[in-house]
Amino acid sequence: RSVLEDLLRVSGIGMGGASRLMAVARPDLYFPVNGGSVVGINTRLGPTRQESEAKRVDAYLALLGKVRAFRWFLAPKPAAGAEEAERFAWAGRVALLGAILFDLK
């Protein structure tokens with residue numbers, strides 16, 4: 001919460017930029033939320049747009065809670081003998097939601 005709130009205090013950074021920076025830093029824990037992914041996220045995970053910044057932070061954290069309860073999130077890291085692509089995907093599994101939920105229209 002504190003990192004997200006601190007990022008949102010930086011001039012010119014909104015939820016899209018803040019969540020993207022968090023996803024780059026920790027792709028195993030965070031995914032980006034922006035105008036292109038809002039419809040996909042709202043449809044599959046729940047609402048993202050709120051009237052105040054504080055409620056947006058709460059909504060994003062609630063979405064992360066939902067994601068972190070999924071069986072695929074809780075799966076253990078693939079063993080050292082697993083394919084490198086599988087281990088790479090596991091390490092970025094949450095950030096990959098950004099690509100899955102993005103609307104290319």
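Predicted model: local features only at pLDDT ≥ 70, side-chain atom pairs only at ≥ 80, totals over all residues.
I started with R93, and leaving aside its neighbours within four places in sequence, I found it in contact with P27, D28, W72 and F73.

Where does R93 sit? I placed R93 in the loop between α6 (84-91) and α7 (96-101).

Next I looked up charge. R93 is buried, yet I found no salt bridge for it. Which side chain of opposite charge is nearest to R93? That is D28, at 5.4 Å. D28 does turn up on the contact list of R93, though.

I then checked what else the side chain of R93 reaches. I found the backbone oxygen of W90, at 2.7 Å.

On to another arginine, R56. I found R56 in helix α4, which covers residues 53-67. Is R56 buried, exposed or partly exposed? Its relative accessible area is 28%, so I wrote down "partly exposed", as that value lies between the 20% and 50% cut-offs. I also looked up R56 and M15: they are 41 residues apart along the chain, and their C-alpha atoms are separated by 7.8 Å.

Last stop, S37. I located S37 in the loop between α2 (15-25) and α3 (38-44).

Key:
Residues numbered from 1 in each chain as written. Heavy atoms only, no water. Helix = DSSP H or I, 4+ residues; strand = E, 2+ residues; numbered from the N terminus. Buried < 20%, exposed > 50% of the residue type's maximum accessible area, 1.4 Å probe, protein only. Lys, Arg positive; Asp, Glu negative; His and termini not counted. Salt bridge = Lys/Arg side-chain N within 4 Å of Asp/Glu carboxyl O. Polar contact = N/O pair within 3.5 Å; in protein donor to acceptor, adjacent residues only side chain to side chain. Contact = heavy atoms within 4.5 Å.
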